Amino acid sequence: MSLNIKKQLNSQLSKDVLNVLELCSQTADENDFKIYLIGGIVRDLLLKRKSFDIDISVEGDAIKFCHLLAEKKYCKITQVQNDLKTAKAVFEHDVEIDFASTRQEFYPRRGHLPVVAKIGCSLEEDVYRRDFTINSLAMSLNKENYGDVIDYVGGVNDLNNKKLRVLHDNSFNEDPSRILRCLKFAARFNFHRDEHTKALQEKYINRQLHDDISWTRIKSELKQSFSLNMAKVYDMFLVNENYKLIYGERPDIKGLEIKTLIDKYQPEHVWLVYLATVLKNKNIIESFCFTRAEKKVFTDIEHLMNAHLSMMNSNYDIYKFFDKKSVESVLVYYLLTKRKEALIYLEKLYLIRVELNGDEIKELGITDGKQIGKILDELLKKKLAGNIVKKSDEIDFVKSKIK
Ligand code: CTP
């Protein structure tokens, strides 16, 4: 007997979403389409977890199906991708759904993005292009079997046994970013790799082949995994030697150490703090196509690590050493070197600024540029030493210089 999750659906999804699914269901029946909820949402329904994305797989042409919905004014189509025959639509109450035509894919080059072999294939053929059995489940949305779970690969059993299992032996060769997806799901659900999947992963990671891979996918998965800010993601990343995937180096750092610092100092790019402790290879850093702000973290780290740091005797010395460096880079510098000055900087000095600017000092009567610079520096020293706190004190100090 097949598993039916209509009850879960009704209790876990909002009324608005259920109404939209009902509209899709009716339209599919009226027009002889077979449609399914697919992937993450079915997995999350079975796990009784909140799911964010709603993906519907259409056996046939998803764009055509979306147009039928739009003609009835049920939705607005917001995006169409003709080569893959996928579409995004927004329904009443901002319910957003991704529609994809069933498709078969193949990988012309190992590790690169797949190419579509066939669009509008059977659901069963579609399912086999996916990463893990738990992500390969579908749930029928047609009326005659609404809520029936369709499981071609033993995904329900794996969900019950908390197992992450690939669908075939070539899975990681085709898409190594799945190694990181595995990490993400293991941490998020507290699941484990099955023995064969683990062996395939180790084989991929330890092979000496350095072929190029899709860094966009790798970056996206690393970002998702490390943004979870979970100590165990990092620990598993090291223990499972996942860092070898990005030609990283294993540091002697525990995930909890990083998490504690992140919780305390709240850097903007949480994931980069984790990543930068292992990623040192310049060529690979280039491959990541980081944004300007992301790149700055790496250049700052490089500068800090290469700087000849003599004795830092005063707050002023510490301030000057770390001045204008990103919080992320100061944290990574601390993690790699354990120099306590990095934390003194973040804790006590990072936000200290001289409030007066050059123009204001000019207005007070000092016109020589060099002298203004000198005064600003002196003010900074005094502020860092705690001898000056308020702006009015800064003004008094400048006035005393004129006298
Ligand atoms: N998928 C895959 N290989 C990848 C990425 C995705 O096979 N490298 C498949 C999986 O079947 C997945 C589906 O595409 O369920 C949708 O991908 P995505 O939205 O990234 O995954 P979710 O499983 O929905 O994960 P999340 O809950 O993190 O959004």
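Okay, let's start with a rule: a charge sits over a ring if NZ of Lys or CZ of Arg is within 6 Å of the ring centre and within 35 degrees of the ring normal. Keep that in mind for a moment. What we're looking at today is a predicted model.

So, which ring has the charged end of Lys381 over it? That would be Tyr316, with the charged end 4.7 Å from the ring's centre. There's another case with an arginine: Arg207 lies over the face of Tyr204, and here the distance to the ring centre is 3.9 Å.

The model has 20 aromatic pairs. Take Tyr234 and Tyr274: their ring centres are 5.7 Å apart and the planes meet at 50°, so we call this pair tilted. The two come from distant parts of the chain, with Tyr234 in helix α11, residues 231-239, and Tyr274 in helix α13, residues 270-276, which puts them 40 residues apart. Are they buried or exposed? Buried, both of them. There's also a cluster of aromatics, and its members are Tyr319, Phe321, Phe322, Tyr333, Tyr345 and Tyr350.

One of those, Tyr333, takes us to helix α17, where it is among the buried residues. This helix covers residues 327-337, and nine of its 11 residues are buried, so mostly it's covered up. If you want to find them on screen, the buried ones are Val327, Glu328, Ser329, Val330, Leu331, Val332, Tyr333, Tyr334 and Leu335. What do they pack against? Five helices: α12 (255-265), α13, α15 (292-306), α16 (315-322) and α18 (341-349). You'll remember α13 as the helix that holds Tyr274. And just after α17 comes Lys338, which has a positive phi of about 60°.

That's a feature we meet elsewhere in the model too. Asp32 isn't a glycine, yet its phi is positive, at about 60°. You'll find Asp32 in the loop that runs between α2 (15-30) and β1 (34-38), and it is exposed, with a relative accessible area of 74%. Asn190 is another residue other than glycine with a positive phi, near 60°. Its loop runs between α8 (177-189) and β11 (192-193). Asn190 counts as partly exposed, at 43% relative accessibility.

Now over to the ligand. There are 17 residues around it, and the ones that come nearest are Arg43, Asp131, Asp175, Arg181 and Arg188. Let me give you some distances. Asp175 has a polar side-chain atom 2.7 Å from a nitrogen atom of the ligand. For Arg43, a polar side-chain atom is 2.8 Å from a ligand oxygen, and for Arg130 the distance to a ligand oxygen is 3.3 Å. How much of the ligand does the protein bury? Taken alone, the ligand exposes 570 Å², and 77% of that is buried by the protein.

Stay with Arg43 for a second, and look at Asn135. The side chains of these two make a polar contact of 2.7 Å. Asn135 also has a polar contact with the side chain of Asp131, at 3.1 Å. Asn135 is in the loop between α5 (123-127) and β8, and it's buried, with 5% relative accessible area. Leaving out neighbours within four places in sequence, Asn135 is in contact with Gly39, Arg43, Arg130, Arg181 and Phe185.

Where does the side chain reach? To the backbone oxygen of Lys85, at 2.6 Å. A polar atom of that side chain also lies 2.9 Å from the backbone nitrogen of Ala62. Setting aside residues up to four places away in sequence, Ser101 touches several others, including Val58, Gly60, Asp61 and Asp126.

Last stop: Lys143, in the loop between β8 (138-140) and β9 (149-150). This one counts as exposed, at 67% relative accessibility. Apart from residues up to four places away in sequence, Lys143 touches Ser25 and Asp29.

How values were computed: Residues numbered from 1 in each chain as written. Predicted model: local features only at pLDDT ≥ 70, side-chain atom pairs only at ≥ 80, totals over all residues. Heavy atoms only, no water. Helix = DSSP H or I, 4+ residues; strand = E, 2+ residues; numbered from the N terminus. Buried < 20%, exposed > 50% of the residue type's maximum accessible area, 1.4 Å probe, protein only. Phe/Tyr/Trp six-rings, centres within 6.5 Å; stacked < 30°, edge-to-face > 60°. Near = heavy atom within 4 Å. Polar contact = N/O pair within 3.5 Å; in protein donor to acceptor, adjacent residues only side chain to side chain. Areas by Shrake-Rupley, 256 points an atom, 1.4 Å probe, with all protein chains shown as cover. Contact = heavy atoms within 4.5 Å.
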